[in-house]
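Colleague: I would like to learn how to read a model like this one. Please take me through it feature by feature.

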Amino acid sequence: MLDIKRIREDFDNVKKSIESRGKGDYDIDRTIVLDDRRRDLLAEVEALKAKQNKESKRIPQMKKAGEDTTELMAELKELSAKISELDVQVAEVQKELRDLLLTIPNTPNPESPIGKDDSDNVEIRKWGEPRKFDFEHKAHWDLGTDLDILDFDRAAKLSGARFTVYKGMGARLERALINFMLNLHVEEQGYTEMITPFIVNRETMEGTGQLPKFEDDMYHLEETDQFLVPTAEVPLTNFRNQEIIDGDELPLYFTAYTPCFRKEAGSAGRDTRGLVRQHQFNKVEMVKVVKPETSYDELEKLTNDAEAVLQKLGLPYRVIVLSTGDTGFSAAKTYDIEVWMPSYGRYVEISSCSNTEDFQARRANIRFRRDAKAKPEFVHTLNGSGLAVGRTFAAILENYQNEDGSVTIPEALRGFMGCDRIEKK
RNA sequence: GGAGAAGUAUCGAAGCGGUCAUAACGAGCUGCACUCGAAAUGCAGUGUACCUACGGGUACCGAGGGUUCGAAUCCCUCCUUCUCCGCCA
């Protein structure tokens, strides 16, 4: 959520920045109109309340003095009615303003390339060389099915399209990846491991920006008005919401494995085969809660932390910075990490690392105090996948496949797997 | 799921429908004094947000409603925690 004060004071720049994302259905001009109205109403009602407080205090005094309070009470009753009326109006305007602010995306960082979509993203760096195959390589869905470690058909029978059953060494590999990633983040990169709820309430989803705009993409439990998490970013970022954190505690580094649930509404026909786009997938997520002046350094480190996973697995990747038009709703700046996927013949997104600055912190009300006497300030929050496990699984199958259909296990995973290859039984 | 109890500022905790609630009291924290220094002690200060004609004003006692001239206090709904029972990995 943007600061209404900032919108007021720097209106032209904020508006220009938002509009660099491309067309949106939000009306920024209206925030000022509503805020003006809010201020007027507040001034009016607060003056009346001041009078009400003052006059009401006279009643016990008058009673004590034996005076008649009937007239004053009648007067105050009228005043009270007027205040109630104005209070309703204030509440309405405030709600309308908040609802509007909740639909306005974050202002992109000025360094993000201006552009309308992913075609304007800019490659920052590359690591590793895509493998040249001297045999006809297969896609991971065929490899997985042939090795009998992935079962898409029976998953469809259980649940529907875009679900997968991992079987035998497939399940083992998925679990190995989760453990490998978590160990790396915890032991070498200083993150605190968390296991969070996979179901969260509406307020929590609002805090990170999934709601109110993207409710259609989320799995909703109607009876209790709760949601299946679309990413661990949601519970991890909101973990300290509504708190004023002691500055000495910062920065906070959290990591968690969760399954992620997404309806993938609007992506019909895209990536229909394989593990790339599922309704339920596993992900290890990293979240940072930091002081504002450090957040861009932290973003670089966060991105490096995610890259380390791919480097240790020996998977070729590139890092791109998203254009303003492709940057997510809550983010000010985002690096995507894309892994080389032979079946696609291109790099495929496997991690997304974002600095949301104070956008989520405002929504979730996460503040900190630099020292005992300082005023509370909003923190900056960052999140990044480290990594999407299913896509990593797919990348390993495809990049490490052998001519006979077997798959070599990357060095770093062998301790978790207890073997160095998966082959047909 | 059933019965009961409780949610007050950083923590503990008091609080009759108003006149010592701008939330007592205790602890913590900050500053000062005392001290070679520390402890102990003493004194002072110490919530958040919004509005502002910068003089002040308003709101917040789990959340949201209601009654009243006036609500932390009375009523209703919901949430959370604790205890007991039931069920259960």
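Modeller: Start with a cut-off: a residue is near a molecule or strand if its C-beta atom, placed from the backbone, lies within 6 Å of it. Now some ground rules. This is a predicted model, where local features need pLDDT of at least 70, side-chain atom pairs count only at pLDDT 80 or more, and totals for chains, interfaces and linings use all residues. Residues are numbered from 1 along each chain as its sequence is written, while chains are lettered from A and ligands numbered from 1 in the order in which they are written.

Colleague: How many residues surround RNA strand B, and which are the closest?

Modeller: There are 20 residues around RNA strand B. Ala50, Pro60, Leu76, Lys77 and Ser80 are the closest. Helices (H or I, at least four residues) and strands (E, at least two) are DSSP runs, numbered from the N terminus. Helix 3 (28–56), helix 4 (58–64) and helix 5 (70–102) are the elements that each give two or more residues to the surface near RNA strand B. Helix 3 gives the most, with nine residues.

Colleague: What classes of residue make up the surface near RNA strand B?

Modeller: First the classes. Ala, Val, Leu, Ile, Met, Phe, Trp, Tyr, Cys and Pro count as nonpolar, Asp, Glu, Lys and Arg as charged, and the others, Gly among them, as polar. The surface near RNA strand B has nine nonpolar, seven charged and four polar residues.

Colleague: Let us step back to the whole chain. How many helices and strands does chain A have?

Modeller: Chain A has 14 helices and 18 strands. Its C-alpha trace spans about 100 × 45 × 45 Å along the principal axes. For burial, count C-beta atoms, placed from the backbone: a residue is buried if 20 or more others lie within 10 Å of its own, exposed if 12 or fewer, and partly exposed in between. Of the 425 residues of chain A, 38% count as buried.

Colleague: Which domains is chain A divided into?

Modeller: Domain bounds come from an automatic or database domain assignment. Here they give domain 1 (4–102) and domain 2 (118–422). The centres of the two domains, taken over C-alpha atoms, are 43 Å apart. Two residues are in contact if their C-beta atoms, placed from the backbone, lie within 7 Å. By that rule, four residues of domain 1 are in contact with five residues of domain 2. The domain 1 side of this contact has one nonpolar, two polar and one charged residues.

Colleague: How do I read two packed helices?

Modeller: Two packed helices are described by the angle between their axes and the distance between the axes. Axes are lines fitted to C-alpha atoms, for helices over the stretch in contact, and angles run from 0 to 180 degrees between N-to-C directions. Take helix 8 (residues 169–188) and helix 13 (residues 389–399): their axes come within 10 Å and cross at roughly 115°. Leu173, Glu174, Leu177 and Ile178 in helix 8 meet Val389, Thr392 and Phe393 in helix 13. The residues of this contact are five nonpolar, one polar and one charged.

Colleague: Now the backbone. Where are the cis peptide bonds?

Modeller: One runs from leucine 250 to proline 251, with omega near 0°. Proline 251 lies in the loop between strand 8 (243–246) and strand 9 (252–261). Another joins glycine 386 and leucine 387, with omega about 5°. Leucine 387 is in strand 16 (residues 380–388).

Colleague: What is the phi of glutamate 264, and what is the phi of aspartate 271?

Modeller: Glutamate 264 has a positive phi of about 55°, though it is not a glycine. Aspartate 271, also not a glycine, has a positive phi of about 45°. Glutamate 264 is in the loop between strand 9 and strand 10 (280–290), and aspartate 271 is in the loop between strand 9 and strand 10.

Colleague: Is asparagine 238 buried or exposed?

Modeller: Asparagine 238 counts as buried because it has 25 C-beta neighbours inside 10 Å. This residue is in helix 10 (residues 233–238). Beyond its neighbours within four places in sequence, asparagine 238 is in contact with Thr204, Gly207, Thr208 and Ala364.

Colleague: And lysine 5, buried or exposed?

Modeller: Lysine 5 counts as exposed, because it has 9 C-beta neighbours inside 10 Å. Lysine 5 is in helix 1 (residues 4–9).
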